[in-house]
Amino acid sequence: DSTVYLDEMIGKASDVVDDISISRGRPSGDSGSTIAMLVLKDWYFRAVHVGDSRVYLLRGGELQRITKDDSEVQQMVDRGEITLDEAWVHPRKNVITRHLGMPTDGAKLIPTVSPRQELHPGDCFVICSDGLSDSVHDSEIREILEQKKSSAETAAVLVRTALRNAEEAGYPSDNVTVILLDVMSAGEMNSDVKRVKNMKLLQKILGAVMLLIAGGMTYYTVQLIQLLQK
């Protein structure tokens, strides 16, 4: 699951999509696709994406977006120009800034790869196209997931809800693709990985402590460091 391998894989996929445009006599970048995927290991996961297809995680009743859309409205949200509610109804909500097959002037398209995050038994992942997320609010997705039906039944309900919402709103539904993954068990992080994570945390704490010391504040620094080293 190295980022180098993932970068190469997505870059090659993007080239294949762009070759479709070129082989049909169209300009480079005329054909495009989004991608969202999960990389799973014994104790952790990583999300990989390009475009506005998403990966969600339901954990402890809270639905989290693991990916961030490559879109114009997301950039506006990040800049504080619009709210998430305004983004939902924005006329340019479907304009993406990156996609498979886009021209990159000879460079490879690099996906967004999340850091490793621990898996927990009971986690539920949703991998979906924008056909779902454009028609079904996150709160409604969470409510459907918490009905505790089988994965197949839940995926079917999500698709039907997206199609119904689009019809009621009076616009044609986009492709609605939904994949659900329930985590039944997860391995334990080994001691070497824990040690590395603790050292990275210690480095961050020490950086903060240095700032505190520079400001004349030295609250229990030694005790905190000793605790983190255990």
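## Strand β7, covered on both faces

In this predicted model, strand β7 is mostly covered, with 5 of its 5 residues buried. Side chains in a regular strand alternate between the two faces of the sheet. In β7, C124, V126 and C128 point one way, while F125 and I127 point the other way, and all are buried.

What flanks this strand? β7 pairs with strand β3 (residues 54-59) in the antiparallel sense, over 5 bridges. One of the places to look is V55, whose bridge partner in β7 is I127. Strand β8 (residues 178-182) also pairs with β7 in the antiparallel sense, again over 5 bridges.

## Aromatic pairs and a charge over a ring

How many aromatic pairs are there? The count comes to 2. In one of them, the ring centres of W43 and Y44 are 4.7 Å apart and the planes meet at 65°, so this pair is edge-to-face. Both W43 and Y44 are buried.

F45 and F125 form a pair too: their ring centres are 4.8 Å apart with the planes at 70°, so this pair is also edge-to-face. Because F45 lies in strand β2 (residues 44-50) and F125 in strand β7 (residues 124-128), the pair ties together parts that are 80 residues apart in sequence. Are these two residues buried or exposed? F45 has a relative accessibility of 0% and counts as buried. F125 is buried as well, with a relative accessible area of 0%.

If you have the ring of W88 in view, look for K93 next. The charged end of K93 sits over the ring of W88, 4.3 Å from the ring centre.

## Helix α1 and its two sides

Helix α1 covers residues 3-23, which makes 21 residues. From its first C-alpha to its last it reaches 30 Å, close to the 30 Å expected at 1.5 Å a residue. Just after α1, G25 takes a positive phi of about 75°.

Which residues of α1 are buried? They are L6, I10, G11, S14, V17, D18 and S21. These residues cover an arc of only 125° around the axis, which puts them on the same side of α1. An α-helix has 3.6 residues a turn, so residues three or four places apart point the same way. The cover over the buried residues of α1 includes β1 (35-40), β2 and β5. On the other side of α1, V4, K12, V16 and S23 are exposed.

P111 belongs to the loop between α3 (84-88) and β5 (112-113). Its relative accessibility is 7%, so P111 counts as buried. Along the chain, P111 and I10 are 101 residues apart, yet their C-alpha atoms are separated by 6.6 Å. Beyond its neighbours within four places in sequence, P111 is in contact with L6, D7, I10, V48, H49, V50 and R98. Among these partners, L6 and I10 are buried residues of α1.

M37 is found in strand β1. Setting aside residues up to four places away in sequence, M37 touches L6, M9, I10, R46, A47, V48 and V55.

## K148, an exposed loop residue

Where is K148 found? K148 is in the loop between α5 (138-145) and α6 (151-169). Its relative accessible area is 68%, so K148 is exposed. The phi of K148 is near 60°, a positive value in a residue other than glycine.

## The chain as a whole

Stepping back, the protein chain has 8 helices and 8 strands. Of its 230 residues, buried ones make up 38%. Among the contacts in the chain with a separation of 6 or more, 65% are between residues 24 or more positions apart. The F45 and F125 pair, for example, ties together parts that are 80 residues apart in sequence.

Note on methods: Residues numbered from 1 in each chain as written. Heavy atoms only, no water. Helix = DSSP H or I, 4+ residues; strand = E, 2+ residues; numbered from the N terminus. Buried < 20%, exposed > 50% of the residue type's maximum accessible area, 1.4 Å probe, protein only. Contact = heavy atoms within 4.5 Å. Phe/Tyr/Trp six-rings, centres within 6.5 Å; stacked < 30°, edge-to-face > 60°. Lys NZ or Arg CZ within 6 Å of the ring centre and 35° of its normal. Expected span 1.5 Å × (residues − 1). Arc of directions from axis to C-beta. Pairing = 2+ DSSP bridges.
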